[in-house]
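Hi,

Here is the structure I promised to pass on. Have a look at it first, and my notes follow below.

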Amino acid sequence: MEQLKAGVIGCGSHAQRHFAMIAAEPRLRLAAIAEVDPARLKANAAEHRPDRAFDDYRQMLAETDLNVVYVVTMPGQLTPIVLDCLERDLHVSVEKPPGMSSADTERMADAAQRSKGKAMVSFNRRYIPEVLAVRRLARERGEVIHCAATYNQALTTLGTPAMSGIAPDPVICDAIHHVDLLRWLAGSSEGTAARPVEIHATAQDGDRAGAQRQSAVIGFDNGAVGVLMSNYGVGYRIQRAEVHAEDLLVYLDLTRKPRYEVYEAIPQTDGTTEGRAIQEQLDLGPTGGAGHDETGHFVDCILNDQTPWSTLDDAVYTMRLCEAIRRGHKGSL
Ligand SMILES: NC(=O)c1ccc[n+]([C@@H]2O[C@H](COP(=O)([O-])OP(=O)(O)OC[C@H]3O[C@@H](n4cnc5c(N)ncnc54)[C@H](O)[C@@H]3O)[C@@H](O)[C@H]2O)c1
């Protein structure tokens, strides 16, 4: 089997996750890496053993014959690199958030329309096997009625002057994972995320830089309702979600290894229903199995000429929604 040649631009901490997924995907070979920090370049070249290593990504693009590039820099550096890759008709995995603002995402989405390469935003919550199995369960009951997500975190450098020009505010840079997860959980069909049409958001920040707090009720185009709570500068990093469909309730905890509780209501002879906890494990098989991840999905899309689930066009909706939450917008979107 001929392997696709992969390159990675930006070899910091999150790139290690991409290196592991690339190594586990037999249809990919790590052909090249690029990193501006000399010590990181040396260490990553020694550990991951790409065919070639570069301190300038442009040289890497010019001198190697790559098929797919993972851009894993901070958002402030990401957009021009993604644009360069798309101009060369390469397939591009774009780290989240896709740029500093929705305007950046739109520029990249426009470039993707002109490119022969496919682009996929690394909204990795969408590809978690348990999340996919829960979506399938909910869709078996009809539309999702309501979903909720929390994304809380102790104080980080996000939202402080140290991150100016490097990363946007926490809900756009980081809690975007669960803003996007709400769209994904509310989606009506496989591969489709719901689009927000209205919002009632509040943003109430604490005294310390980076202590940004947001709550939002979101109305989606298919009638589902989403609720987001995201607080930075609170006690701990917690990432949870819940999904309500007809006679179905699921709690998801994605803080570490995914955990879940599933409840269903059984019709009774008197016309009421009686709830019970489902003890069986979620069936992960029909949605790709326990090993499903974003990397395998992207390779499938490249080899079968299909559209990834998380395109740049679709990411524009998530970025605009994050921005609306951050400014405490109330009204239509
Ligand atoms: N999907 C997730 O779950 C998840 C988790 C953590 C971080 N992230 C995202 O990953 C991105 C990177 O985060 P990180 O923590 O790895 O940051 P990092 O600072 O550790 O790594 C970024 C690397 O990019 C390098 N770089 C910058 N400009 C470059 C250029 N022009 N050419 C080559 N290399 C360049 C930097 O030197 C650095 O080593 C961020 O956007 C972050 O939001 C995603």
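H4 and H5 pack at about 5 degrees with their axes 9 Å apart, so the two helices are roughly parallel to each other. Helices here are DSSP runs of H or I with at least four residues, strands are E runs of at least two, and both are numbered from the N terminus. Axes are lines fitted to C-alpha atoms, for helices over the stretch in contact, and angles run from 0 to 180 degrees between N-to-C directions. Under 35 degrees counts as roughly parallel, over 145 as roughly antiparallel, 65 to 115 as roughly perpendicular and the rest as oblique.

On the H4 side the contact is made by Thr79, Val82, Leu83, Leu86 and Glu87, and on the H5 side by Asp104, Arg107, Met108, Ala111 and Ala112. (Contact means C-beta atoms, placed from the backbone, within 7 Å.) By class that gives six nonpolar, one polar and three charged residues. Ala, Val, Leu, Ile, Met, Phe, Trp, Tyr, Cys and Pro count as nonpolar, Asp, Glu, Lys and Arg as charged, and the others, Gly among them, as polar.

Before you read on: this is a predicted model, where local features need pLDDT of at least 70, side-chain atom pairs count only at pLDDT 80 or more, and totals for chains, interfaces and linings use all residues. Residues are numbered from 1 along each chain as its sequence is written.

H5 (residues 102-114) also packs against H10 (residues 312-326), at about 175 degrees and with axes 9 Å apart. That makes this pair roughly antiparallel. Met108 and Ala112 are among the H5 residues in this contact, and H10 brings residues including Leu312, Val316 and Met319. The class count for H5 with H10 is seven nonpolar, two polar and four charged.

Now the domains. The chain is divided into domain 1 (4-124) and domain 2 (128-290 + 312-332), with bounds from an automatic or database domain assignment. Their C-alpha centres lie 27 Å apart. Domain 1 puts 18 residues into the contact and domain 2 puts in 15. H4, H5 and S6 each supply at least two residues of the domain 1 side, and H5 gives the largest share of that side, six residues. That side has twelve nonpolar, four polar and two charged residues.

Next, the strands. There is an open sheet of six, in the order S3-S2-S1-S4-S5-S6, with parallel pairing; strands pair if DSSP finds at least two bridges between them. S3 (52-54) and S6 (119-121) stand at the edges with a single partner strand each, so one side of each has no neighbour in the sheet. From one strand to the next the twist averages 20 degrees. S1 (residues 4-9) and S4 (residues 68-71) pair over four bridges, and glycine 7 has valine 69 of S4 as its bridge partner.

Elsewhere, S8 (residues 196-203) pairs in the antiparallel sense with S9 (residues 213-220) over seven bridges. S8 also pairs with S15 (residues 330-332), again antiparallel, over three bridges.

Finally, which residues come nearest the ligand? Of the 24 around it, they are Gly10, Gly12, His14, Thr73 and Gln77 (near means a C-beta atom, placed from the backbone, within 6 Å). H4 (residues 75-87) provides the largest share of the shell, three residues. The shell divides into eleven nonpolar, eight polar and five charged residues.

Cheers

Methods:
Two residues are in contact if their C-beta atoms, placed from the backbone, lie within 7 Å.
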